[in-house]
Amino acid sequence: MSYQSMWFRSAASQLQLLEQSLSFESVRAIVSDRLPILVKEMESKGLDLEDPTYWWELLFIDGAIKIENVQGKQQRVAINLTNNWRMAVKTLAVIESRKFQMIRTDLGVDQHWIIFTDTKHPHSNDDWMDVLYGQIDTKPSKSGCALIEM
């Protein structure tokens, strides 16, 4: 887990947005069903399949939040953080795929955001609030995915 991921999770927790109800067991079951080839690759690499980190990385999720939009509707949003623009664009293409849309539906995730951000310094809670609430009040794309520059 990167520093920015830890900083984000800490800020989201302080802002009372961090979603904790996505269980490792449900993620593992859904990924095993929807992405069996990637699970076999994990096995062949000798990765610890009991370590939730690998499963979340497969889904490009560093954390999840539950956030209310201006209409008062709660949304569950998966967040991926990166400091590499090329990787952000490639990841967006992957998570917009039909397979990943099905996984999000299975997990009850409404949107998936990739946040392109500096990984050298933490952002303030005010910065996170501006970005997260600004994005949740923006009409989502058809896929429910977005690339946000912070």
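Why does M87 count as partly exposed? M87 has a relative accessible area of 43%, and so it is partly exposed, given that buried means under 20% relative accessible area, exposed means over 50%, and partly exposed is in between, with a 1.4 Å probe and protein chains only. M87 is found in helix α5, where helices (H or I, at least four residues) and strands (E, at least two) are DSSP runs numbered from the N terminus. Between M87 and V131 there are 44 residues in sequence and 20 Å in space, C-alpha to C-alpha.

The model is predicted, and local features need pLDDT of at least 70, side-chain atom pairs count only at pLDDT 80 or more, and totals for chains, interfaces and linings use all residues. Residues are numbered from 1 along each chain as its sequence is written, and side-chain values use heavy atoms, with hydrogens and water left out.

K66 lies in strand β1 and is partly exposed, with a relative accessible area of 36%. I65 also has its place in strand β1, but I65 is buried, with a relative accessible area of 0%. Contact here means heavy atoms within 4.5 Å, and once neighbours within four places in sequence are left aside, K66 is in contact with L17, E19, Q74, Q75 and R76. With residues up to four places away likewise not counted, I65 touches F8, A12, L17, L18, E19, Q75, R76, V77, I79, W113 and L132. Along the chain, K66 and Q101 are 35 residues apart, and their C-alpha atoms are separated by 18 Å; for I65 and Q101, 36 residues apart, the C-alpha separation is 17 Å.

A pair of aromatic rings is described by the distance of the centres and the angle of the planes. Rings of Phe, Tyr and Trp (its six-membered ring) pair if their centres lie within 6.5 Å, and planes under 30 degrees apart count as stacked, over 60 as edge-to-face and the rest as tilted. Four aromatic pairs are present in the structure. One of them is formed by F8 and W128, edge-to-face, with 4.9 Å from centre to centre and 65° between the planes. This pair links distant parts of the chain, since F8 belongs to helix α1 (residues 3-14) and W128 to helix α7 (residues 125-136), 120 residues apart. Both F8 and W128 are buried. In the pair of W85 and F116, the ring centres are 5.1 Å apart and the planes stand at 85°, so this pair is edge-to-face. Because W85 lies in helix α5 (residues 85-95) and F116 in strand β3 (residues 111-116), the pair ties together parts that are 31 residues apart in sequence. W85 is partly exposed, with a relative accessible area of 39%, whereas F116 is buried, with a relative accessible area of 18%.

In soluble globular proteins, nonpolar side chains tend to be buried together. A nonpolar core is a set of buried Ala, Val, Leu, Ile, Met, Phe, Trp, Tyr and Cys residues joined through side-chain atoms within 4.5 Å. The largest nonpolar core has 24 residues, of which V27, V31, W55, L59 and L107 touch the most other members. Two or more residues of this core come from each of α2 (24-34), α3 (36-44), α4 (52-58), α5 and α6 (98-107), and α2 gives the largest share, four residues. V31 is in contact with P36, V39, W55, L58 and L59, leaving aside its neighbours within four places in sequence. Apart from this core lies another, of 18 residues, among them V77, L81, V131 and L132.

On a 1 Å grid over the protein atoms alone, a cavity is a set of points where a 1.4 Å probe fits but cannot get out, and a pocket is an open set with protein on both sides within 12 Å along at least five of seven lines; lining residues have an atom within 4 Å of a point. Grid points are joined across faces, edges and corners, and a volume is the space filled by probe spheres set on the points. The largest cavity holds about 50 Å³ of space, and its lining includes L59, F100 and L107. α6 gives the most to that lining, with four residues. The largest pocket has a volume of about 590 Å³ and is lined by 26 residues, of which W56, E57, I61, D62 and G63 lie nearest its centre. The largest share of the pocket lining, four residues, comes from α4.
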